[in-house]
There are 2 protein chains.
Amino acid sequence: MVKYGGWSISASGYRAHAPQHLESLFCQSNGYIGSRAAFLQDGAPPYERCTFMAGGFDYISPGITDIVNLPDPFHLTLTVAGSMPGRSGGSYTRFDQRLDLKNGLYTRDAVWTDERGCETAIKISRFISMANKHLAALRVELTALNHDGEAALLMGLDAGVLNLPVHDDQTLVNDQTVKMLNYAGGTSERGSCGLTVRSRTGRVKIDMRCRITHSDGEQEDGSGADCPARRLTVKLKRNQTVYAEKIISVNLPGGPPPGGFAPLLEESGSAWALRWKNADIEVESDDPGLQTALRYNLFQLMQSRPFGDPDVSIGARGLTHARYKGCYFWDTDIFLQPFFAYTDPAAARDLVRFRLSTLPDARENAKALNLDGARYAWMCAAGGREQCHTWDIGRSEVHITADVAYAADEYARVTGDESLRGEMSRLFVETARYWASRFSYDKSKDVYNLLFVKGPDEYCGVSSNNAYTVMLARHNLKLALGAAEGGVSPDEAAKWREIIEKSHVGYDAERELYIQDDDFPRLEPFDFMSKDGDAPIYRKMDYDRLQRYRVLKQADLVLLILLLPDTFTESQKHAIWDYYEPITLHDSSLSHGIHAWAAAVLGKRDKAYYYFKKSLLLDLENIMGNTGTEGINMAALGASWQTAVFGFAGLSAGSGGEPSLSPRLPDGWRSMRFAFYANGKRYRAEITPEGCSVKENREEKS
Amino acid sequence: MVKYGGWSISASGYRAHAPQHLESLFCQSNGYIGSRAAFLQDGAPPYERCTFMAGGFDYISPGITDIVNLPDPFHLTLTVAGSMPGRSGGSYTRFDQRLDLKNGLYTRDAVWTDERGCETAIKISRFISMANKHLAALRVELTALNHDGEAALLMGLDAGVLNLPVHDDQTLVNDQTVKMLNYAGGTSERGSCGLTVRSRTGRVKIDMRCRITHSDGEQEDGSGADCPARRLTVKLKRNQTVYAEKIISVNLPGGPPPGGFAPLLEESGSAWALRWKNADIEVESDDPGLQTALRYNLFQLMQSRPFGDPDVSIGARGLTHARYKGCYFWDTDIFLQPFFAYTDPAAARDLVRFRLSTLPDARENAKALNLDGARYAWMCAAGGREQCHTWDIGRSEVHITADVAYAADEYARVTGDESLRGEMSRLFVETARYWASRFSYDKSKDVYNLLFVKGPDEYCGVSSNNAYTVMLARHNLKLALGAAEGGVSPDEAAKWREIIEKSHVGYDAERELYIQDDDFPRLEPFDFMSKDGDAPIYRKMDYDRLQRYRVLKQADLVLLILLLPDTFTESQKHAIWDYYEPITLHDSSLSHGIHAWAAAVLGKRDKAYYYFKKSLLLDLENIMGNTGTEGINMAALGASWQTAVFGFAGLSAGSGGEPSLSPRLPDGWRSMRFAFYANGKRYRAEITPEGCSVKENREEKS
């Protein structure tokens, strides 16, 4: 149903309150404001017409926030010749939606045929400006095809939306909405509306305004409860197109600047063009749609980039859904940050700065668990305090802290930016202190155990000595030892060295196989025939049952061989792949891309491409069935990018050295071209049948 | 502040919205209706004026119920000479509260002195009938001591109460109230009020009525929102006592039967006398207050007994608080049922029947976790579906299923009642099937592991092969093997035998010491100096930190040596005590009594009495600091009783044999006398300095 080709994603056919899959796919954002493609005129309820602001969190219970659903800036209802398209009797005889990846423009081209046979062409376009983060715009064009009726349009700013807080537990469904917005005033004047709202405790304040222009016709106040609006009445003449435009500003003093839809779109398009220049990957291949799918991935990554704001990060679903209460996970550090480090170093720097600036919160998190140093939250929102209170995940999936340290170091290694080193050193030392208090020393065996943890594979139970976590914790301790100058006593450093040396990871020397955790060898064999299709098995099997099976939700040690490649021999890497890959269900969106990248690195070309396509098409083809109900799976986008650039192109860069390629292009890929930054320089990579090259690009300025 | 002596518990001194400790201590119940001693006239808010009905649960979220706070039957406000006692200026110059353990009567004797010096004696009495479960009564007596003012009384039935759902997690506090009651009609006529309410989904329907009589004076309608009431105006004359009475009925067609406060109290007192005859323990000792404290324990146990209803059980806090949403735990089976089996076998039979009748729900619980057979819920309410959704407890503390099977068998063993054997066999077989699917077979070691569980000690993490759980699961499998007739294949029985034989429990042969679980040896030593006083350490240390320390919240293996005494040698029992007792913090109300009983059995007289007093006075002296905010700790009452009867008197009975005593009375106890049932017969036990005797008592009929 979804078609992708050239620079566009499109879909045909109308369903009232359009399929949620499309509402996520067509989500638009500039990293400051994001809005799902759920429209009032299609009957979308107030809790599904979602617009979010980066960092726009407020409390829903003590200590726990939700991302606030902002007033609907694209509020619009239509009446044509007395009939409400999509609501009254009649039907859409044409209904084409399209997202232009080049400039972020969403368009719907429709023909509404009412019960009396009156046909009206309706074209609605909207975008959120990439040039000015405070701006968005909507344009409606109406053409009476076979009648001379009248059109009435209600256009305003609707604060009557609701939040539908989502359980952290993926298996629980909530049906209780929460009103997060308090209406604090509105205006409706000739040609404009304004609206002021505050969220529950006042953390989020929104001043939304719009300028409304249109073809000849009447305009009057059309405000409803919590919704200042203008009612336009326009005469339709057969085959003549009339229009209405709404230019919206969010928290912009003075409201929308002058200019109509077209010039603003052009400005936004120019900003998009700059981004594309830095991030595009051009592939010539036999695979139809591949280039577009790849660009859709890049498009969503670029849309999610916080607009130069180091006080926010990127949620697991960007600004495309309130799933996980909009929270930030390790997804950002491990899966998204590399894309930005190579294509938009300033954005990557902001992501690192978010972690650096929330170090005091991380200290509070550690203290709340009676531990030393700093513990990064499994889920965090405004500030870095823990937002996940589940025992099995929030308390146990402790690798996040090492992931944050790893990613901060990687940023510096790749970009060569040493300006944050001082703050990063404090982060390494404080997180090392956390680990030193988190390991338990067993005197009788002279071993440091990491008790009651789980790694990325969430189908395992809460176990001990999870290899992923222990090895990344060691890495974290090493970073601290490397960074430690003042403030760290020789005794403390000695303890860190002792933990690095005496911590335990299971290893089967005969098979050269690292063991995921202490309980893994005792788990029951899983019947892999019981999984059908791509739907995650946790939809039909409880996590309690799953934890006793030798089955993985997602890459755990397979991910580790990519993050710490020098820690494993080639045969150890192959042993890990050979053992764990066949028992992994990829029921997390983070898994396919990692397996694709690992397969590419290990020279398993078919597997690499198979997994790459799963990751690349995850949302476009709704492979896990959760794109509509949970939004765009951001981490999968980042993993797809890493597969393309690190896996297929074999880019190796950073550490001050010259970048190099070792291409392993999939069958049917004839060429691949992309630009990237490393060590503060700009490069262009080209892989063609004739060979490959990486060249510094001194002329082009970003 | 609380005094106990003779047959009464008393306290002096007034505090607005009386100290919650007393509101729990003076809670009254007949097992059908229970009401906390929180009074409107003292300023208690709507969510603390709590009245509950056994089995009165309704949903607060999908699948999860709360115990519904019923309309306040004791609704009363007072105005004397224009002053509201406790609310207006002035003070209580006398304020004595008293609970009579003999007949359940609560009385407050007060003198209110207003700002002008007018003194009025106010006596309020109330009880909930033990003779007719539908009845309760309130009486007010007023005496103007130095004036001739006027008194106004508002007496009605107040449906304006609220629920304050309590988190399962003890460390979280909720401040959000929920309105569970829908007002469905009320009447206010001369001398009576009536009220009909339904809970949210209509699961609980209450028809409450009252008859109001009083001294000469005026009466008029005084109804407020959701609160039909009568306003009485009575002239006061110096030193003459006036009165008002309210006789309340709950779900009694026709409303309250004829009769005033005094005759109804006498009827209730007769019913109490019968209960006391069966359950009293008379102790002569040097310990002042001991006899009363012991009787307070018995009183609360008797109050909690469901009024002949096998469709309900006894919540962890009886009907004294909505803590744990009123749910039923293993507390009932292991800690309360023995008291009833020996003193009120019909009540014990009802408790077993509750488990038998919810076997289909237990099957659903198992199915929801993809397991076979029947899994009893860690917390259940109306029906047996799981009400606890926490991972660390609800999913992991799986011993409950074996506890239920154990207790059902114990009931039959003690009472000789074989009439439930057929149903019990089905329970044993279904729960055995659960265990067979819950153990994980490790082929490489030929061992059945019980992975990811925790035992009664909730300070341990989710671990494996918890000894308490494995040994009781084996017992459960043996019961099934003993019960299995039809329907169990030889293969299935063989599998059960194999699990009994090949399941694993840690054992240190050198020390003759059973190990609590697989992770226990690797835990860190705990600094016992960090605990101050009796406040549970989880108030200042997170469970996540606690789980890595070698420290116990409560008895785990120590409990097991009492439940399965024949499984351990004497020196194994001593090894368990010597190792685990010093590292147990008793931060659960279930722990002291069990340690008291075990110490008595092991001949540790001082420890036995020390722990016995902790258990006995737990609520009276608010030892854990939670009596007010969580209600009466029912399990501690049962453990105190077991310590007295099994520990100190050394009663051994059941299995068809003649009961015997092996007294181990504490120092300073001169004699101990009590009645009990066993094998369907009635006995009287007597322990005096001259010796001890158990005699069948054929004359007395219960």
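B:Cys227 counts as buried, at 7% relative accessibility. A:Cys692 is partly exposed, with a relative accessible area of 39%. For these words I took buried as under 20% relative accessible area, exposed as over 50% and partly exposed as in between, with a 1.4 Å probe and protein chains only.

Notes on the source. This is a predicted model, in which local features need pLDDT of at least 70, side-chain atom pairs count only at pLDDT 80 or more, and totals for chains, interfaces and linings use all residues. Residues are numbered from 1 along each chain as its sequence is written, chains are lettered from A and ligands numbered from 1 in the order in which they are written, and side-chain values use heavy atoms, with hydrogens and water left out.

Confidence. The predictor gives the complex an ipTM of 0.90 and a pTM of 0.93. Chain A has a mean pLDDT (the predictor's confidence in each residue, from 0 to 100) of 95, and 99% of its residues reach 70 or more.

A:Lys614. I found A:Lys614 in helix α16 (residues 605–616) of chain A. Helices (H or I, at least four residues) and strands (E, at least two) are DSSP runs, numbered from the N terminus. A:Lys614 counts as buried, at 14% relative accessibility. Leaving aside neighbours within four places in sequence, A:Lys614 is in contact (heavy atoms within 4.5 Å) with A:Asp534, A:His592 and A:Ile623.

Strand β27 of chain B. I checked residues 669–678: 8 of the 10 are buried, so β27(B) is largely enclosed by the rest of the structure. Two strands pair if DSSP finds at least two bridges between them. β27(B) pairs with strand β20 (residues 281–285) of chain B in the antiparallel sense over 5 bridges, and B:Phe674 is the bridge partner of B:Ile281. To strand β28 (residues 681–688) of chain B, β27(B) is joined by 7 bridges, again antiparallel. There B:Ala675 stands opposite B:Arg684. The two strands β27(B) and β28(B) form a hairpin with 2 residues between them, and B:Asn679 in the turn has a positive phi of about 50°.

Chain A overall. I noted 18 helices and 27 strands. Buried residues make up 65% of its 702 residues. The C-alpha trace spans about 90 × 60 × 55 Å along its principal axes.
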